[in-house]
Every structure is written in C-alpha cells, then in structure tokens.
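Dear colleague,

I am passing on the structure below, and after it you will find my notes on what came out of it. Please read them with the structure open beside you.

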Amino acid sequence: MKRLGSSLTLVVLVGILLGVLWNFGVPSGVDAAEPYKIGAVFSITGPASFLGEPEKKTAEMVVAAVNKQGGINGHPIELIVADDESDATKCNLAVKKLIKKDEVPVIIGPSTSGNSMAVVSVAEESRVPLISCAASYKIVTPIESRQWVFKVAGSDSHVVEKLFDYMKAKGIQKLAIMTVSDGFGASGREELLRLAPEYNITIVADERYGPQDTDLSPQLTKIRGAQPQAIVNWSTGPTQILAVKNWHDLGMTSIPLYQSHGFGSKKNIPLAGPAAEGVLLALARVNIGPILPDTQSQKKVIMEYTKAYEEQFKEPISSFGGHAWDATSLAIAALKAVGPDPAKIRDFLEKTQGFVGMHGIFNFSPKDHNGLSKNDLEMVVVQKGDWALAP
Amino acid sequence: MGDMLQYSVSGLTVGVIYALVAIGYNVIYNVTEIINFAQGEFVMLGGLCAVFLVGTLHLPISVAFFASILAVGVIGFMMERFVIRQARDVTVLSLIIITIAISILLKGTAMFCWGKDPYSLPPFSPGGPILIGGAAIQRQAFWVVGVSALVVICLTAFFRRSIYGKAMLACADNPNAARMAGIPVRQMVLLSFVLSGAVGAAAGVIITPISLMEYDRGAMLGLKGFGAAVLGGLGQFHGALVAGALLGLAESFCAGYLSSGYKDAVALVLLLLALFFKPEGLFGSKEAAGLKKF
Amino acid sequence: MGKRNWGIFLGTLVIIAVFPWLVKPVKAISHYLDVMVFAGIFSLVSIGLSMLMGYAGQVSLAQAAFFGIGAYTSGILTSRLGFNPWAAMPVGILASMLVAWLLGIPALRLKGHYLAMATLGFGVIVTIILNEEVQWTGGPSGMGDIPSLSVAGVKVTSEMGYYYVVWSMVFLALLFCFHVLHSRVGRALRAIHEEEMAAEAMGVPTARFKIQVFVLGAAFAALAGSLYTHYVTFLNPASFNLMWSIRFLLMVMVGGMQSLWGALLGTVLMTFVGNEWLHVFAEFEILVYGAILLVVALLLPKGLVSLISLGGSPRKVRVPLTDGSS
Amino acid sequence: MTETKNEPPPKILELHDVCMQFGGITALKGLSYIVPPGIIQAVIGPNGAGKTTLFHCITGIHQPTSGRVYFQGVEIGGKLPHQIAAAGISRTFQHVALFKSMSVLENIMVGRHCRTHSGFWATGLRFAGMRSEEKGIRTSALSHLEFVGLSDLAHQQAGTLPLGKQKMLEIARALATDPRLILLDEPAGGLNMRETEELGELIQRICHGGITVMLVEHDMNLVMDISDQVLVLHYGEFLAAGTPREIKNRQEVIEAYLGEQ
C-alpha cells in the first residue's frame with residue numbers, strides 16, 4: 001500500500017499544480033469599450049537593456065498621450081509590454097503569448113536584431129504584423145518570407161553608405177574598422193566590409209572586441225600600426241566610450257574617428273568627456289532636433305517628442321527611443337485607419353508613404369518593408385560637448 | 001617596438017585587476033575552501049559605490065575609496081553572517097548554487113540602485129597619459145599597480161605576521177584543531193568574507209576610471225579572476241599577482257597579434273591547462289592541493 | 001524498474017499526453033503549450049545532467065555548451081549543407097559526444113570546485129567560438145532560415161505537433177535512463193557518488209564510468225539542441241552561454257537531485273517560473289529569481305522532490321525481490 | 001596463466017623491496033615478504049607502522065615509490081584498483097566505506113561489478129543477456145548476504161546499520177568480487193566481545209572457503225587466536241614474522257609495542 005500511496009501523492013501534486021495554473025491565468029471581466037490592443041516586446045533587462053528601456057518608456061508615453069485624447073475613435077489603446085531579457089528563447093515565447101493569449105493585432109519590437117530574427121517565423125506563421133525596432137537588413141529580406149515583418153530602424157547599410165559618402169568627399173581611401181562581437185557589431189561589420197569596395201575604400205585593419213572588454217588600447221595600437229586615414233568604431237554600450245578615450249589617450253586624434261549611430265544617445269558625451277571632441281557619426285534627425293534647420297519637416301515632431309520625453313523621464317532622449325516612437329505611431333495610424341484586423345494593418349503599413357517619423361520619412365512598399373534610406377541621416381560631429389552638423 | 005610596450009602596459013594594468021580579484025578568492029579559500037562565485041560582484045559594487053560617493057555626494061576620491069572598501073566589506077559580512085552560515089547541508093554543489101544566487105541578487109540590486117548605464121570615475125590624478133617609448137601609459141595605471149602591490153604586501157604581512165592572520169590560516173588547514181586551540185572559527189570565516197569584499201572593492205574603485213563600471217560587469221571579471229587564482233595556485237597571494245599579470249599580458253598580446261575576438265578564450269585556455277596539468281598552480285605545493293578534501 | 005517508478009512513469013505520461021487538450025480551449029493559458037515545448041526540450045538536458053550530477057555526483061557547468069554544439073551542428077548541416085534534419089541530428093549528437101569525451105578525460109580527474117570551474121571555462125570557450133566563427137555559425141547576428149522538422153513528410157510546425165515529438169523523446173530518454181539506473185551501471189554510478197575510492201576497490205572502473213555518464217549527458221543535451229534548432233529555426237550564441245548552463249544546473253538542483261523525477265519537475269517549474277510566472281514582477285524578475293534559488297539552496301538542499309517523499313523515518317529503499325520485468 | 005593441478009604456486013602475494021614515500025615521510029621502507037596461499041596472514045604493528053599504507057599499495061590506491069608487488073606471479077604494482085579487484089584481490093576499509101544511501105543488498109551487488117559486463121547500452125535497452133546477468137548478480141549477492149548472516153536486513157539502508165553489522169556487510173561486499181585474496185583493515189575495530197568472536201569464526205570460514213586472508217588488527221587475542229602467520233611492521237620496516245606463538249614472546253616486538261623498558 002505504501003508504494004502506491006507515494007506515487008499517488010505525486011500525481012495529485014501535479015494535478016494541483018495544473019489547477020493553480022488554470023485559475024491563476026484566467027483574466028477578470030471584460031472592459032467597457034472594446035480596447036485596441038498593441039503588443040510590445042523589448043529587451044528591458046539583460047545586456048541590451050540600453051535599447052529596451054527607452055523604447056518601453058517612449059511606447060508607453062505615446063500610447064498615454066493618445067489615450068488622453070480619447071484613444072482611437074473612442075477605443076482606448078491597451079499596450080501590453082513583455083520583456084524578453086535580451087534572450088531569443090524568452091522573446092519567442094513572449095511573442096507567441098502576445099499572439100495567442102492577448103490576441104494582439106499588431107506587435108512592436110523586439111529591440112535587437114538577434115531576437116527579431118528569432119520571431120520572424122512566428123509572425124509569418126501566425127499572420128500578425130510585427131514592426132521591429134532593430135537595424136539588421138536581414139529582418140526584412142528576403143521579402144518573400146517577410147510579408148508580415150516591418151522595421152523602423154535604418155539599416156546599417158544606410159548608415160555605412162552615409163559614412164562612406166562623407167569619407168569619399170574627404171578623399172579617405174584607407175580605413176580601419178573595430179567592431180564589438182555582438183549582434184549590433186557583427187551586422188555593422190558585414191555592411192562595412194560589403195560596401196567598402198563600392199566607394200574604393202580598402203579596409204586596412206579589422207579588429208574585434210568583446211562587449212565587456214575593459215581596455216581597447218591593444219586593438220587601437222594595432223590599428224595605429226596600419227596607418228589608416230580614418231577609423232570606424234561600431235559598437236554600443238561602454239565599449240564605444242572606451243574606444244573614444246583610448247583613441248584620445250593614445251594620441252591618435254590626428255586620425256578622424258567615426259562612431260556608429262549607437263553613440264547617438266546624449267548620455268555618451270559627458271561619459272566620454274573631452275576625448276569625444278571631433279568624433280564624427282551619422283545620426284537620425286531625432287537626436288539633433290535643436291540644431292536642425294526649421295525648414296526640416298521632421299523638426300516639429302522631433303521637438304515635441306524630445307520635450308515630452310525629457311520632461312517625463314528627466315533624462316536625455318536616445319535614438320533607440322525614437323524607433324519605438326516610429327513603431328508605436330505607425331501601429332496607431334494603422335489601427336485608426338483599418339481597425340484591429342492583422343491582415344488589414346499589414347496592407348495599410350505596406351502602402352504607407354511619406355510618414356514623418358523620428359528616424360526619417362517612411363516610404364514603405366511591397367518590396368521595401370523599411371521605407372528609409374541614407375538621406376534620412378545627417379553627418380554630425382561632437383563640438384564643445386554637444387552635437388553639431390558636420391562641415 | 002612601441003606596440004609591444006603598449007600591449008604589455010595595457011596587459012599589465014588589466015592583469016593586476018585580475019590579480020586583485022584572485023586575491024579576493026584566495027582570502028576566502030584560505031579559510032573556508034569555498035570558491036565565492038560572487039567575487040566579481042564585489043568588484044562591481046566597489047566601483048559603483050565609489051561612483052555614488054564621488055558623483056552624487058561629491059566626496060573626494062580618497063574618502064570614497066575607503067568608504068567603498070568599508071561598504072563592500074559590510075556586504076561581505078552580511079553575506080557570510082546571514083546566508084553562508086545558515087546553509088544546512090553544506091555540499092560543494094549547494095555552496096556553488098548559494099554563491100551564484102547571491103551574485104544574481106547583488107547584480108539585481110545594483111541594477112536598481114545604479115540603473116543599467118555605465119559609469120565612470122575621474123582618474124585619481126588628473127592629466128593625460130604619459131608617453132614612454134611610444135607607449136601611452138595612463139596615470140591611473142600607476143595607481144592600479146601601486147594599490148595592488150600595497151594590498152598584496154598588507155595581506156601577506158597580515159597572514160604571516162599578525163595573530164589573526166595565522167589564526168585564519170589555521171582554520172583552513174584543520175577547522176576542528178583550530179577550534180580546539182581556542183580560535184573562534186566562525187569569526188575567522190566572517191573576517192575572511194569581509195576582507196575579500198574589501199579587496200574586491202579596492203579593485204573595483206581603481207579600475208573604474210580606466211574601464212568604466214556597470215551593474216553586470218562582475219561576471220567576466222570574476223571568471224578571469226578565478227583563472228588567475230587557480231593559475232597562481234589557490235591560496236597563494238604572490239601566485240595570484242604573477243598569474244594575474246600573466247593572464248592580462250596573454251590577453252593583450254593575443255588581441256594584438258592573433259585575433260582580438262579570441263582574447264577571452266586565451267585566458268580560459270590557460271585556466272583549463274592549469275586545472276588539468278598543474279592543479280596546484282604555479283606556486284602551490286603538490287601535497288597541499290592533493291590534501292584539499294573536496 | 002521498480003513498481004513505484006512504473007506507477008509514476010505512467011501517471012506522468014498520461015498527464016503530459018493530456019496536457020495540450022486541457023490547455024488549448026482556455027484562451028488565458030493556451031500559450032502554456034509553447035512553454036511546455038521548451039520545458040520538454042530543457043528536460044532532455046536536465047535528465048542527462050541529473051544522471052551525471054544526481055547519480056554520479058559530478059558537477060558540470062557545460063551542458064549549455066553541448067546543447068549549443070548539438071543545435072549548431074544541426075543548424076549548419078541543414079541550412080548550409082542541405083542535410084535532412086533527421087540525418088543531421090545523430091551527427092550533432094556524435095559530435096557533442098566526441099567533444100565531451102575529449103574534455104572528460106582530463107576534466108573528470110578533478111573534483112568539486114575545480115571540476116565546476118573546468119566545465120564552466122570550457123562552456124565559455126564554446127560560446128566564444130560560436131561568436132567568432134562567423135562564416136559557419138553566422139556569429140553574434142545568428143543563423144536563420146533553418147528548416148523545421150518533418151515527420152513522415154508532414155512539416156511539424158504547429159506547437160501541438162512539436163510538443164508530442166519532443167515529449168516522446170523525453171519519455172524514451174527517461175525509460176532508457178531508468179533501465180540504466182536499475183542495473184549494475186546505475187549502482188556503480190551511485191557507488192561512485194557515495195564513496196569513489198571504495199567503488200574503485202570493488203572493481204568499478206570509476207574514471208571510465210564518470211566519462212561515459214558525462215558523454216551520455218552531452219548526448220542528451222545535443223539531442224535537445226537539435227530539437228531546439230528546428231523549433232525556433234534561428235540560433236544565436238547567447239542562447240547557449242554560461243547563464244543557460246547555470247539555469248540547467250538549477251533546474252536539477254531545485255527539483256531534487258536524487259531522482260530523475262526531481263530533474264523533470266524542477267525543469268518544468270523553473271521554465272514556467274523563468275518565462276511565465278515571474279513576468280508579474282516585471283522589473284524585479286531578476287531579484288525574485290535570485291531569491292528563489294537562494295531559498296531552495298539554503299532550506300531545501302534535497303530539492304522539491306524531497307517534499308513529496310518525506311514519509312516519516314528514512315524510508316526503506318524498495319528493491320523488490322523479484323525483478324520488475326520478469 | 002594456467003595453474004598446474006598438483007603443485008599450486010608456492011606464493012599468492014610477493015612484496016619485493018616495496019617503498020612508499022609521501023613528500024618527506026617514508027611510510028614503507030624496502031619491505032620484502034611472501035604470503036603463502038590459503039592461510040590467515042596477520043599484519044600487526046603500532047600506529048603509524050605503515051599497515052594501511054601497505055594495503056593501499058597492494059590494492060593500487062597508492063603506487064609504491066619503488067619495489068614491486070606480485071599477485072599469483074603477476075606484477076600488479078602499476079595497475080588501477082579496479083583492475084587489481086578484477087585480478088582477485090578485494091578489501092575492506094579501516095573506517096567502513098559503505099555506500100550508505102544504498103541498500104544492504106545493493107552494496108553487495110556493487111561487489112559483483114567486476115564479474116559482470118553489460119554496459120550503458122545493454123542495460124539501457126535491456127538486452128536479454130543483461131536481464132539474466134542481473135538475476136545472477138541478485139542471487140549471488142543474496143548468497144553472500146546469507147554467508148555473513150545479514151539476510152533479514154537486505155532492504156535496509158546500509159547507513160542505518162549498527163557498526164558491527166556494517167563491518168560484516170563490508171566483508172560480504174568484498175567476498176562478492178570472488179577474490180582469491182581478501183585484505184581486512186581492522187575489522188574488529190569498535191566491536192564488542194561477542195561481535196569479535198563472530199568475526200573470528202567468519203574469517204576462519206572465509207579461509208576454509210579457499211580465500212587467503214590478510215588481516216590488519218590491533219585486537220591481539222583475535223590475532224593470536226586465528227592467524228596462521230603474523231608479520232610485524234615497525235616504522236614502515238620489517239621487524240619480525242612467524243607463527244603467533246613465536247611472535248608473542250619476541251623481545252623486539254614487545255618493545256615496539258610497549259616502548260623501551
């Protein structure tokens with residue numbers, strides 16, 4: 001009898017476990033007017049949290065503002081935010097939960113290219129439009145198997161094209177590149193290597209380093225040895241500040257240093273300190289609202305967002321928050337036009353033209369689910385601790 | 001030639017930090033044979049405490065240095081007193097899990113207090129890098145080497161000369177015999193965690209001006225530090241210093257001449273080779289390693 | 001296998017078989033099916049780890065690395081070289097077993113912390129290689145468009161289909177392991193865990209057995225890796241890093257190390273806790289996760305399973321006189 | 001190596017100038033000794049004389065620093081303990097080394113390990129050969145249990161047994177490996193009078209079963225009572241050897257134990 005007893009207890013325990021799951025998960029009653037749901041998955045914690053956090057704050061801010069004015073045709077917007085902790089498996093599960101449990105008609109995010117790639121197949125199979133905030137061009141190519149996937153971040157290729165145009169104008173032919181060994185760095189490196197020949201630029205040094213390295217002088221010393229005419233550092237987080245400081249400390253300021261658009265957050269300049277003087281980068285206009293000429297069509301929208309964000313969160317805006325602004329606004333525009341039907345939203349997004357956003361003017365088409373180009377970027381230089389339009 | 005010097009300078013600077021982390025491992029290991037997986041977090045907390053004291057409270061760096069050491073020492077105290085000591089069935093496995101859990105908790109708390117962005121500290125002595133033979137040596141690097149040397153000297157003296165130090169070593173060799181000789185083993189274990197926290201914090205404060213500090217920086221530092229500790233021979237302070245420097249140089253030269261991507265792998269391969277072929281480390285004695293009962 | 005185990009085995013089999021139909025109709029928890037698919041994949045890894053750690057007493061922080069080797073071998077063979085997924089799977093398993101054998105020979109001479117650190121170091125090296133060998137693994141930006149599994153010509157893309165493929169593998173693995181454990185090999189492993197020197201003196205080739213069980217663990221992890229690849233159809237090195245090795249270790253520890261049921265229970269619970277129930281804490285998730293581990297490690301060294309069999313005095317170890325299967 | 005029927009090898013175990021050093025200390029200095037088969041060979045000497053070290057050298061747990069160990073004419077110096085167990089030497093340990101969480105029967109079944117061979121695949125897939133082998137292991141283990149009189153405790157957890165019974169179990173486990181030579185390391189340690197007597201009878205029964213016994217023991221009555229030969233070690237060196245009666249009144253043996261008069 002004893003043996004049967006203990007195996008029964010195990011079965012009963014698992015039964016109780018299921019019971020707990022059962023009622024724990026069931027939601028309470030239904031709200032008044034049918035809310036329009038928007039699903040959002042960002043890397044709020046984990047290594048990519050510097051992307052996810054501003055994105056989450058911006059998305060919530062935009063939805064709150066729209067809800068304050070009565071939502072969309074009387075329907076309040078319900079933003080359901082999930083944190084994928086910068087992990088592909090968690091992201092896969094979060095997106096499936098948003099689709100199955102919350103039955104959202106449109107999803108914004110994820111923040112990183114890696115996680116976006118992990119959920120492309122989920123969006124395609126569940127036929128729910130997904131607007132990624134990540135940059136890799138692979139998210140929307142090949143277009144045939146990316147019918148339901150859009151992205152609001154400029155591809156790295158646009159940023160590289162902008163940099164190379166500028167370098168070509170300055171007559172730079174020998175370039176050294178140093179990239180961080182994570183998704184962001186690898187994608188940048190691919191574009192730099194792919195597009196360099198088109199601008200007859202030869203890559204004389206190709207260095208890589210880890211996201212948590214404490215010192216980049218070995219890499220920079222090796223680059224100095226290759227005597228390049230310019231250096232491109234492609235990374236985000238602390239390593240891009242280290243690159244600037246080591247470049248300055250090693251007395252290499254005679255060789256111009258270009259950074260990736262990752263350097264675009266205002267917080268980086270005080271961190272890098274005086275060493276950042278003269279650093280060049282290609283940035284979306286969201287980061288340089290104040291110095292934009294008034295005629296610029298994006299200026300108004302950018303200034304509103306900058307003021308609202310800095311007032312609410314007491315910290316400078318980041319270009320990654322801008323991606324979330326574009327994605328959320330596009331989703332809201334689609335909901336306003338065609339209501340919460342995934343297929344209609346997809347078609348609406350695909351036909352959106354001239355949408356004025358933070359990162360440029362979006363012109364989507366059945367062949368281009370990104371809708372941006374290199375002209376949506378500006379060459380910027382760090383002068384006296386702030387951005388200035390590059391000469 | 002300049003490059004060689006530059007690689008060795010940056011290698012030594014980073015290597016000395018690994019050495020300090022390794023010393024943190026040794027202090028606890030010497031008394032309890034526990035490998036504290038949260039050692040990397042002590043370094044991170046040291047750096048971030050200093051950032052808070054200097055950045056927010058505008059204290060001078062010297063005060064912040066000692067205050068941070070004290071603060072992380074207290075964290076070490078609480079970790080041993082309220083957690084390690086409560087562990088019931090103390091097996092190697094449960095200790096590994098406990099220290100990993102503590103490192104996750106420390107990382108989480110740091111994330112809340114300091115957020116997710118990297119922070120910097122003004123270098124101890126202002127001014128640009130000093131150029132020697134084509135290599136630019138940051139002034140902070142001298143502080144790093146100087147403070148580390150000071151820590152090693154003090155600790156070696158403490159363990160060799162002072163009564164407390166000898167008592168702690170006695171606890172390591174034979175806790176029961178030490179109890180018999182009237183040594184309060186519990187206090188010694190507590191003291192070891194406090195000391196290890198302090199050493200970790202010192203490493204954190206002096207490295208932050210060079211390489212910035214953020215809430216999840218502890219893990220990799222902890223791993224490299226353990227590599228240095230094993231390479232130098234667990235329990236050997238001077239071993240840790242030499243091994244740390246070796247590790248730093250190996251990394252830097254690998255980044256310089258081989259491929260910078262595999263830099264971390266070099267340090268880990270050295271760790272594996274030491275574990276497989278010379279577990280007692282460069283300076284440890286064969287018998288000592290053999291007798292350590294795990 | 002003892003009567004008691006057969007009872008639990010069949011009971012759990014029924015629950016797992018019925019689970020999708022229980023969950024499907026209820027909208028609120030219909031996504032629990034996806035979580036259970038991952039729980040099944042991770043169970044394969046933790047069963048192998050439980051054999052190694054719970055029974056043979058050897059700690060390993062490299063299971064995520066073997067999980068990765070299996071996943072990437074399948075990924076590379078199917079998406080780059082056009083292999084059929086079912087053909088790529090055994091290759092991944094063999095590759096992982098070979099690597100485990102090469103690592104095992106020097107590593108398993110070590111004990112305790114040293115062994116933990118050796119396996120940890122190896123795991124991080126594998127992650128670095130996956131990151132750096134861009135032309136093969138796609139590096140940090142990952143490798144995409146991997147074909148999904150197809151059973152008898154039918155593409156298994158639905159969660160339900162994959163659920164049954166994965167969990168049938170889990171039960172086959174469980175059956176295999178139970179049979180091993182209830183034989184001379186199982187007794188030898190437990191003897192190694194209890195008193196290694198005595199086991200050696202009684203004629204158990206302890207070194208060889210430790211390596212064999214280490215290789216077995218790697219094989220299960222690689223099988224799980226292949227299943228993961230064809231389910232997510234996208235790989236990036238971050239899914240196989242040190243943090244995942246720690247999670248597998250914790251799944252086995254939290255569940256309880258002295259039985260494979262502990263590993264299974266721990267895996268299912270931790271997968272749900274990690275991916276599902278902690279979301280309510282949102283920002284505080286990392287703190288709660290750390291706190292749970294600490295509480296379990298301090299108060300429940302024997303894991304949750306010990307709660308179930310806490311019947312009064314240390315219960316008699318049931319070895320029926322007549323062989324279960326005769 | 002076939003044994004000629006009528007003339008068994010004159011020696012079952014031969015130690016040839018065996019030395020064992022741990023860093024500074026020399027535990028065994030040049031010990032040479034021959035153990036004839038089929039006898040109870042006692043090994044005595046004050047603590048630290050090197051008795052347990054000798055056992056470790058014979059069973060391969062330590063590798064002798066120099067010198068050679070022959071078992072039935074074959075050198076076993078460099079072999080691993082499990083190979084030596086398979087060759088036919090088994091042992092018990094000074095501080096009982098049982099598999100505490102396993103049952104009494106399972107402990108003995110582990111002893112059968114070197115006499116059986118099915119590996120992971122065979123046991124995992126339950127090949128036919130494996131099932132019959134399991135039955136063989138079980139019946140053999142039960143018979144050894146019977147031999148030491150612990151049959152009623154077959155399913156008891158080994159760790160919960162009283163010391164006396166644990167010692168008996170350890171002997172049964174050693175016998176389960178079908179040894180030709182069994183080394184008993186202080187089996188009588190911690191036993192009361194009655195248990196020591198039972199132990200003495202058991203050891204004699206083992207010897208009559210054709211298994212040579214080497215016995216390290218401090219209980220002089222037991223040693224003098226049942227041993228055929230006695231070897232006396234002193235600070236790792238050979239001091240004396242002979243029948244119990246010869247050894248009992250040898251002057252240097254008494255001094256070694258009781259110190260200078």
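**Helix α3 of chain C**

Helix α3 of chain C, residues 63–80, has 18 residues and spans 25 Å from its first C-alpha to its last, close to the 26 Å expected at 1.5 Å a residue (the expected span being 1.5 Å times one less than the number of residues). Helices here are DSSP runs of H or I with at least four residues, numbered from the N terminus. This is a predicted model, in which local features need pLDDT of at least 70 and side-chain atom pairs count only at pLDDT 80 or more, while totals for chains, interfaces and linings use all residues. Residues are numbered from 1 along each chain as its sequence is written, and chains are lettered from A, with ligands numbered from 1, in the order in which they are written.

Of the 18 residues of α3(C), 17 are buried, that is, with 20 or more other C-beta atoms within 10 Å of their own, C-beta atoms being placed from the backbone. After this helix comes Gly82(C), with a positive phi near 65°.

**Chains C and D**

Between these chains, 39 residues of chain D are in contact with 29 residues of chain C (C-beta atoms, placed from the backbone, within 7 Å). On the chain D side, the elements giving two or more residues are α2 (81–87), α3 (104–111), α4 (120–124) and α5 (128–148) of chain D.

**Domains of chain A**

Chain A is divided into domain 1 (36–155 + 306–373) and domain 2 (156–291 + 377–389), with bounds from an automatic or database domain assignment. Their centres, taken over C-alpha atoms, are 28 Å apart.

With regards

Conventions
Buried ≥ 20, exposed ≤ 12 C-beta atoms within 10 Å, placed from the backbone. Contact = placed C-beta atoms within 7 Å.
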